[in-house]
Structure formats: structure tokens, C-alpha cells
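Subject: Structure for you to look at

Hello,

Here is the structure I promised to pass on. My notes on it follow below.

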Amino acid sequence: MTSNITSYITPSSMNDVSTLFTVLELAEYLGIGRNRAYDLLKNGIIPGFRIGATWKVSKVAVDQYIMKNSGL
């Protein structure tokens, strides 16, 4: 999988609470497939929202999911 996420999310913006991921960025960030990322969003496991047909999810929500499920 090529890294598209790095083209517009800089290291300084990765800590910004307003950073939003698309499904493809979410999948890349978690190292999972696109279908699994859609499943996590559709089932409310990671809270996200839709703008039209496009899913968006905050980096904060993803990091909380990681912390909760990793036992850290």
C-alpha cells in the first residue's frame, strides 16, 4: 500500500485535534484493509461521520480506539 496519508498530513498536524482521516487514510494508519475500516465505522466501533458519501473520522477517535483495544 502506498502512503497517500503523508502527502497532506504533516508531523505537526498529526497532533492537531481537527485532523480528519478518510477511510483510506484510516486503513493505512491502522494497517488494515479498506473493507475492515468501513466495518469499524459502519458498526460504530470507531465513531465517524459522513459528508455526503465520504466517511470522516477524527484522529483523536482513532487514537482512543487504539488505546482502548491495545490495553495501554
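I ran a search of the whole structure for aromatic pairs, and it gives one. The partners are F21 and Y29, in a tilted arrangement with 5.0 Å from centre to centre and 45 degrees between the planes. Please keep in mind that this is a predicted model.

F21 has 0% relative accessibility, so it counts as buried. Y29 has 28%, so it counts as partly exposed.

As for the overall layout, the chain has three helices and three strands. Along the sequence they follow the pattern β-α-α-β-β-α. The chain has 72 residues, and 26% of them count as buried. Taking contacts between residues at least 6 apart in sequence, 42% join residues at least 24 apart. The chain exposes about 4800 Å², with carbon and sulfur atoms supplying 55% of that area.

Leaving aside residues up to four places away in sequence, L26 touches F21, A37, L41, I46, V57 and V62. F21, the buried member of the aromatic pair, is thus one of the residues that L26 touches.

F49 sits in strand β2, which spans residues 49-51. Its relative accessibility is 38%, between the 20% and 50% cut-offs, and F49 therefore counts as partly exposed.

Last, the charges. Side chains of opposite charge can pair when their charged atoms come close. How many salt bridges does a search of the whole structure find? The search finds one. It links K59 to D63, whose closest N and O atoms are 2.5 Å apart. Both residues belong to helix α3 and are four residues apart, about one turn of the helix. K59 has a relative accessible area of 9%, which is under 20%, so K59 is buried. D63, at 24%, is partly exposed.

That is what I have for now.

Regards

How values were computed:
Residues numbered from 1 in each chain as written. Predicted model: local features only at pLDDT ≥ 70, side-chain atom pairs only at ≥ 80, totals over all residues. Heavy atoms only, no water. Contact = heavy atoms within 4.5 Å. Phe/Tyr/Trp six-rings, centres within 6.5 Å; stacked < 30°, edge-to-face > 60°. Buried < 20%, exposed > 50% of the residue type's maximum accessible area, 1.4 Å probe, protein only. Helix = DSSP H or I, 4+ residues; strand = E, 2+ residues; numbered from the N terminus. Salt bridge = Lys/Arg side-chain N within 4 Å of Asp/Glu carboxyl O. Areas by Shrake-Rupley, 256 points an atom, 1.4 Å probe, with all protein chains shown as cover.
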